Amino acid sequence: MSKLARLFHNADEVVEAWRDALKHRDVKGALAIWLDDDSITCVLPEGQRLSGHAEIRAGLERLLEKQALFLEPIACITHSVLGAAVYDTTEAVHLKPDQIEAAFFLNITLVLLQDSQGWRIAHLHASHSSDDTFDAPSTPHGLH
C-alpha cells in the first residue's frame with residue numbers, strides 16, 4: 001500500500017471509497033483502502049477465498065476486467081467499537097450506471113479496523129442473496 005494513501009477519518013468513508021473504486025474499475029484505488037497487512041482476507045461471491053494483497057489484487061482484476069460494478073446499498077446495519085467496525089449490508093448490483101433494475105443482489109460483510117493510517121478494510125465477505133425474488137429486508141440477514 002502506498003505510504004501516501006488517503007487517511008480515512010471514519011469507517012463510512014471507506015465503504016463509500018470501496019463502492020467508488022468498483023464503479024470506476026479502479027483496482028489500485030480499491031487496494032489502497034485495505035490494511036497494509038498480510039492477514040487481510042476477502043471472500044468473493046463465488047466463494048473464492050483470497051488472502052493478502054497479491055491474491056486480492058488478482059481477484060479484483062478478474063472481477064473488474066470486463067465491467068464496472070455499481071453497488072446500491074439496500075439495507076445496512078453497523079456495529080462499532082473503539083477501533084473496529086462491522087458493516088452488514090445488502091447491495092443491489094447494477095452493471096451499467098443507468099440501469100434501473102438490479103442485475104442481482106449481494107450480502108456483504110465488511111470488517112474495518114482503525115490504525116495509524118486511519119480506517120481500512122481487514123476482511124470482506126460477499127455472497128449472492130439466496131432469495132429467488134428480492135424484497136428489501138425488514139430484518140438483518142446476519143453476519144457472514
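The structure is a predicted model. Its secondary structure comes to 3 helices and 6 strands, and from the N terminus on these elements follow the order α-α-β-β-α-β-β-β-β. The chain has 144 residues, and buried residues make up 42% of them.

- Strand β3 covers residues 70–81 and pairs with β4 in the antiparallel sense, over 11 bridges.
- Within this pairing, histidine 79 has valine 86 of β4 as its bridge partner.
- The hairpin of β3 and β4 has 2 residues between the strands, and glycine 83 in this hairpin takes a positive phi near 85°.
- Strand β4 also pairs with β5 in the antiparallel sense, here over 10 bridges.
- Valine 93 has phenylalanine 104 of β5 as its bridge partner.
- Strand β4 spans residues 84–94 and is mostly covered, with 9 of its 11 residues buried.
- As a general point, side chains in a regular strand alternate between the two faces of the sheet.

- Asparagine 107 belongs to strand β5, which runs over residues 104–115.
- The relative accessibility of asparagine 107 is 10%, so this residue counts as buried, since the cut-off for buried is under 20%.
- Through its side chain, asparagine 107 makes a polar contact with the side chain of threonine 90, at 3.3 Å.

**The aromatic pair**

- The model contains 1 aromatic pair.
- The pair is formed by tryptophan 18 and tryptophan 34 in an edge-to-face arrangement, with 6.2 Å from centre to centre and 75° between the planes.
- Tryptophan 18 is part of helix α1 (residues 11–23), whereas tryptophan 34 sits in the loop between α2 (27–31) and β1 (41–43); the pair therefore ties together parts that are 16 residues apart in sequence.
- Both tryptophan 18 and tryptophan 34 are buried.

**Cysteines**

- A search of the whole structure gives 0 disulfides.
- Cysteine 42 counts as buried because its relative accessibility is 2%.
- Cysteine 76, with a relative accessibility of 40%, counts as partly exposed, because that class lies between the cut-offs of 20% and 50%.

**The largest pocket**

- The largest pocket holds about 280 Å³ of space.
- Its lining consists of 21 residues, and those that lie nearest the centre are Pro45, Leu63, Leu69, Phe104 and Leu106.
- Helix α1, helix α3 (52–64), strand β5 and strand β6 (118–128) each supply at least two residues of this lining.

**Lysine 66 on the loop**

- Lysine 66 is placed in the loop between α3 and β3.
- Lysine 66 is exposed, because its relative accessible area is 73% and the cut-off for exposed is over 50%.
- Which distances separate lysine 66 from arginine 25 in sequence and in space? Lysine 66 and arginine 25 are 41 residues apart in sequence, and their C-alpha atoms are 9.2 Å apart in space.

Key. Residues numbered from 1 in each chain as written. Predicted model: local features only at pLDDT ≥ 70, side-chain atom pairs only at ≥ 80, totals over all residues. Heavy atoms only, no water. Phe/Tyr/Trp six-rings, centres within 6.5 Å; stacked < 30°, edge-to-face > 60°. Helix = DSSP H or I, 4+ residues; strand = E, 2+ residues; numbered from the N terminus. Buried < 20%, exposed > 50% of the residue type's maximum accessible area, 1.4 Å probe, protein only. Disulfide = S-S within 2.5 Å. Polar contact = N/O pair within 3.5 Å; in protein donor to acceptor, adjacent residues only side chain to side chain. Pairing = 2+ DSSP bridges. 1 Å grid on protein atoms, 1.4 Å probe; cavity = no way out; pocket = protein on both sides within 12 Å on 5 of 7 lines; lining within 4 Å. Points joined across faces, edges and corners; volume = space filled by probe spheres on them.
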